[in-house]
Amino acid sequence: MLQYREQERLIREYCTKQGYEVYKVFSDAGISGKDIVHRPAIQELLKDATEKKFDMVMSWKINRLSRKLEDAIKIVNTLDRYGISYQSYSERFESDTPAGKMQFQMMALVGEFERNTIAQNVKMGMKAKARAGEWCGGAAPL
């Protein structure tokens, strides 16, 4: 959780330097980025966007929006529909140019690939532990 606080601190610092006012922090810390349906903060962000409560969204990385390409594109398209721009703090690109849109989509695709690779590796490790007769969960059952 410390890394999320540090990311927020750096983004707030950047916003202050740029003269941006921070409307709200939408954080689904500890909730998987595999989809947006089960992420209350993203749902709230999208609702507030439809009410035009802010004019820009910034996240640490694109994969903080979503680790699913389809959802990341959906979020940014929704923002765009309401005249709200999106910026990634650590991945610089121009979101209003064709090249910038392609760069965004490629980076979102890499985020989905990373998530799928991690999930595949975890499953493989759990199967190996199960075959070896080891416990694959959290705390061992009593």
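**Exercise 1.** Decide whether Lys 24 is buried, partly exposed or exposed.

*Solution.* Start with the cut-offs: buried means under 20% relative accessible area, exposed over 50%, partly exposed in between (1.4 Å probe, protein chains only). Lys 24 has a relative accessible area of 35%. Therefore Lys 24 is partly exposed.

The model is predicted: local features need pLDDT of at least 70, side-chain atom pairs count only at pLDDT 80 or more, and totals for chains, interfaces and linings use all residues. Residues are numbered from 1 along each chain as its sequence is written, and side-chain values use heavy atoms, leaving out hydrogens and water.

**Exercise 2.** Find the salt-bridge partner of Lys 24 and say what the pair ties together.

*Solution.* A salt bridge is a side-chain nitrogen of Lys or Arg within 4 Å of a carboxyl oxygen of Asp or Glu. For Lys 24 the partner is Glu 44, with the closest N and O atoms 2.6 Å apart. Lys 24 lies in the loop between H1 and helix H2 (40-50), and Glu 44 in helix H2, so the pair ties together parts 20 residues apart in sequence. Helices are DSSP runs (H or I, at least four residues), numbered from the N terminus. Glu 44 is partly exposed, at 33%.

**Exercise 3.** Describe the salt bridge between Glu 51 and Lys 53, then name the network.

*Solution.* Their side chains meet at 3.1 Å, N to O. Glu 51 has 39% relative accessibility. Lys 53 has 39% relative accessibility. Salt bridges with shared partners join Lys 24, Glu 44, Lys 47, Asp 48, Glu 51 and Lys 53 into one network.

Note on methods: Helices (H or I, at least four residues) and strands (E, at least two) are DSSP runs, numbered from the N terminus.
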